[in-house]
Amino acid sequence: MQDDPAIQIIDLHKSFGDAHVLRGVTLTARPGDVVAVIGGSGSGKSTMLRCINLLEQPSSGSIAIRGEEYRMRPGDGGLVPADPRQVQRIRAQLGMVFQNFNLWQHRTVLGNVTEVPVHVLGLPRAQAEARARAALERVGMADKADAWPAHLSGGQQQRAAIARVLAVDPLAMLLDEPTSALDPELVGEVLAVIRDLAAERRTMILVTHEMRFARDVASHVVYLRDGRIEEQGPPEQIFGDPRSPHLRQFLGNAA
Amino acid sequence: MPDMDTITPLRPATGAQLLAGLRGLLMPHRLIMLALALTGLAAMVTQMDWSWLPAYLPRLWGGLLTTLWMLAGSVILGFALALPLGVVQVIGPRPLRWLASGFCTVVRGTPLLLQLWLLYYGLGSLFAAYPVIRETWAWPYLREAWPYGLLALTISFAAYEGEVMRGAFAGVPNGELEAARAFGMSPRKVFFRVWLPRAVHRALPVLTGEIILQLKSTPLIATIAVADLYAIVTRVRQATLLTYEPLLLLAGIYLCLSAILTIALRWLEGRMPSGG
């Protein structure tokens, strides 16, 4: 359904034991939206992102990807997937970029990028490899296709991890603080790649600490505080004219 | 090491490299070691009695093959057992976990020779006592000694490597498994595409050492009359009344096998840099 939001989260709650990390988050990302999620540490940004592909299981609430809601059933003190196959099918359409890259160290860069197209999407190897090489080209890593992850810099590993997502041609990309684990001089190369992808209007949800970057690339900014969305809107409004005193203070500290 | 500089210049000319390598060999201490080794070898050839060797070559060859078969068989079967032993100890339900860790502890805590004899004299004679077993297709094998040798070696390798694999499975970074799940892999695919190969990859450096150790455990099966290399050499000693010559030959052969295995396994490791 073309009109359905790419990602729709309704009244999402998540507790870890006594810690109530998400306290009712409702968020919609339409196709082409670049949603930047900002907030202090412990505000629930990463948890919210990880709920979208069910790496964390919500305590309550609903999540729908392109109009298809995860079927959940009560269990284990919260909700658990009622249909693991549905979860796998939806996850395969959501590419995730992790803070620590999480490349598979026993495969070359090309092996990492072809892995999902071949073994999850079931593409023929030749087609998967063509896709993979195009994706690596896209992130400036074509010459590193045969390198091992362990031999790459953090920036190169993260770009390879982004290529791994691009090769899936996902419905939406989930980026979890993609530059937080990088040395300062390597942050730029990764941001440049993400900036390109945002300019193409690829749907993404980006959890980040890079305020200036969020302001530049986002079409919509969400400020999370204590597990709630305290303020959201276009970047000009969030950064130029913040209403919430907490957001004002947060931006003051971050700048 | 003062000669490092002369040896390390890389790539450009292999001729020059060879020359540098040779010059490295010409250091005084190396010359002395080399002279000692050559003298020893010359003394062995000229002063010792090797006249028996041609007559026993075919049997030695047969013994060598038996040793290699026992090594290869027990390593392959043992490793196949080690994988479930390792996995179960990381994610298995508690009873299975106890069972696996109990098996590893008992086998690793008792001498291989003892296990071998318990299996051969205990199990072997138990089988023989039941006519039902003696009438099955398996009896011709169960009557032989080598299945018990292979079984004991396999069990021992499985127990040691089960422990190694437990560590290797547990040590695969959680993030890599999470990435596999996040891309829609089923639990089965996560295991076979990422967790298992990644764990083997981590364990490879340890496994190469363990395979060499396993080679050196194989002579124990000579005690239950399997005609491996060691058993043949023992027979040579009994027939010729020579002590040192056959034993030196034996040492030389094991040394060569270890060297070949080490080089081959190191090559295999070198094809994949370990990512920790």
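Which residue does A:R50 meet in a salt bridge with an N to O distance of 3.2 Å? In this predicted model, the partner is A:E56, whose side chain meets that of A:R50. Both ends of the pair are shielded: A:E56 is buried, with a relative accessible area of 17%, and A:R50 is buried as well, at 13%. These two residues count as buried because each value falls under 20%.

A:R50 also takes part in the meeting of the two chains. Its side chain forms a salt bridge with that of B:E178, at 2.7 Å from N to O. Between chain A and chain B the count is 2 salt bridges, and 9 residue pairs are in polar contact across the interface, with both residues at pLDDT 80 or more. The size of an interface is often given as the accessible area lost when the parts come together; here the buried area is about 2,100 Å², with carbon and sulfur atoms giving 63% of it.

A:R164 is buried yet has no salt bridge, and the nearest side chain of opposite charge, B:E176, is 7.5 Å away. The side chain of A:R164 instead reaches backbone oxygens, that of A:F101 at 3.2 Å and that of A:N102 at 3.0 Å. Among the residues that A:R164 touches are A:F98, A:L103, A:W104 and, from the other chain, B:A179 and B:F183.

Over all chains, the structure holds 17 salt bridges. One of them joins A:R195 and A:D216, with the closest N and O atoms 3.3 Å apart. A:R195 lies in helix α6 (residues 184–199) and A:D216 in helix α7 (residues 211–217), so the pair ties together parts of chain A that are 21 residues apart in sequence. A:R195 is partly exposed at 36% relative accessibility, and A:D216 is partly exposed at 47%.

In chain B, B:E163 forms a salt bridge with B:R166, at 3.2 Å between the closest N and O atoms. Both residues lie in helix α9 (residues 146–171), 3 residues apart, or about one turn of the helix. B:R166 is partly exposed, with 32% relative accessibility. Back in chain A, a network of salt bridges links A:R138, A:D169, A:E200 and A:R202.

How values were computed. Residues are numbered from 1 along each chain as its sequence is written. Chains are lettered from A and ligands numbered from 1 in the order in which they are written. This is a predicted model: local features need pLDDT of at least 70, side-chain atom pairs count only at pLDDT 80 or more; totals for chains, interfaces and linings use all residues. Side-chain values use heavy atoms; hydrogens and water are left out. Buried means under 20% relative accessible area, exposed over 50%, partly exposed in between (1.4 Å probe, protein chains only). Lys and Arg count as positive and Asp and Glu as negative; His and the chain ends are not counted. A salt bridge is a side-chain nitrogen of Lys or Arg within 4 Å of a carboxyl oxygen of Asp or Glu. A polar contact is a pair of N or O atoms within 3.5 Å; within protein, one must be able to donate a hydrogen and the other to accept it, and residues adjacent in sequence count only if both atoms are side-chain atoms. Contact means heavy atoms within 4.5 Å. Buried area is the accessible area (1.4 Å probe) that two parts lose on being put together, summed over both. Helices (H or I, at least four residues) and strands (E, at least two) are DSSP runs, numbered from the N terminus. Lists of a residue's contacts leave out its neighbours within four places in sequence.
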